[in-house]
Amino acid sequence: MAAQLSNKQVGWVKAAIFVLGLLPFARLVWGTASGAFTDPLAAITQGSGEWALYFLCITLAVTPLRHFTGWNWVVRLRRMLGLFTFFYALVHFIAFLWFDHFFDVGEMLRDVVKRPFILVGFIAFVLLIPLAATSTNGMIKRLGGKRWQWLHRLIYLIAPLAILHFWWMKAGKNDFAQPILFGIIVAVLLGLRVVWSRTKARAAARA
């Protein structure tokens with residue numbers, strides 16, 4: 001029988017994830033404030049970007065984990081994990097807007113257009129905004145379940161864009177190890193969804 005958790009146990013898991021999810025941010029703040037980083041801009045930009053990708057992969061892994069283990073309760077963690085993805089993407093964007101361009105939106109937009117890897121990352125971030133904004137129960141009811149699900153399928157576009165952004169950025173340094181790893185993980189997680197969706201459609205057609 002698949003292991004299930006009570007509401008109280010799931011609450012404790014959520015609390016633990018919340019604390020652990022904030023630790024990378026606390027490290028970035030502490031490292032910047034204490035002068036531990038020799039290059040705070042690079043540390044914040046790189047750290048926040050990588051953690052956005054980590055949480056993106058973890059969020060995408062929830063459905064396969066449920067599928068293979070039968071742990072239905074893990075679905076209740078997905079919203080928080082997705083919001084952490086957006087949170088670190090937001091920190092990544094703020095670092096770019098603040099430390100790189102000192103809130104000069106015009107200069108930022110010119111840089112976005114001029115450098116393709118920034119443009120791709122910017123598009124991915126913009127597409128994340130409606131997902132984060134509609135993550136509440138109230139918004140789900142307001143949109144309706146089907147429309148909400150269709151909107152949140154944007155993640156299937158956001159994930160490849162995020163990987164492309166990371167790949168393109170690392171290509172300038174001829175460093176492909178991490179982008180390849182992230183790319184494989186995302187490809188597997190999205191590929192499983194495609195396989196399951198087609199299998200379900202074929203079963204429905206036969207029925």
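## Secondary structure

The protein has 9 helices and 0 strands. Read along the sequence, its pattern is α-α-α-α-α-α-α-α-α.

## Confidence

This is a predicted model. The mean pLDDT of the protein is 90. A pLDDT of 70 or more is reached by 99% of the residues.

Helix 1, residues 7-34, has the highest mean pLDDT, at 95. Helix 4, residues 105-114, has the lowest, at 81.

## Overall dimensions and burial

Along the principal axes, the C-alpha atoms fill a box of roughly 60 × 40 × 40 Å. The protein has 207 residues, and 33% of them are buried.

Contacts also reach along the sequence. Take those between residues at least 6 apart in sequence: 67% of them join residues at least 24 apart.

## Helix 3 against helix 5

Helix 3 spans residues 78-100, and helix 5 spans residues 116-133. The two pack at an angle of about 135 degrees. Their axes lie 10 Å apart. An angle over 145 degrees would count as roughly antiparallel, and 65 to 115 as roughly perpendicular. Helix 3 and helix 5 are therefore oblique to each other. Their crossing is left-handed.

Which residues make the contact? From helix 3 come L83, F86, A89, L90, F93 and F96. From helix 5 come I118, F122, F125, L128, I129 and A132. By class, the contact has 12 nonpolar residues, with no polar and no charged ones.

Key
Residues numbered from 1 in each chain as written. Predicted model: local features only at pLDDT ≥ 70, side-chain atom pairs only at ≥ 80, totals over all residues. Heavy atoms only, no water. pLDDT = per-residue confidence, 0-100. Helix = DSSP H or I, 4+ residues; strand = E, 2+ residues; numbered from the N terminus. Axes fitted to C-alpha atoms, helices over the stretch in contact; angles between N-to-C directions. Parallel < 35°, antiparallel > 145°, perpendicular 65-115°, else oblique. Left-handed = near helix turned anticlockwise from the far one by under 90°. Contact = heavy atoms within 4.5 Å. Nonpolar A, V, L, I, M, F, W, Y, C, P; charged D, E, K, R; others polar. Buried < 20%, exposed > 50% of the residue type's maximum accessible area, 1.4 Å probe, protein only.
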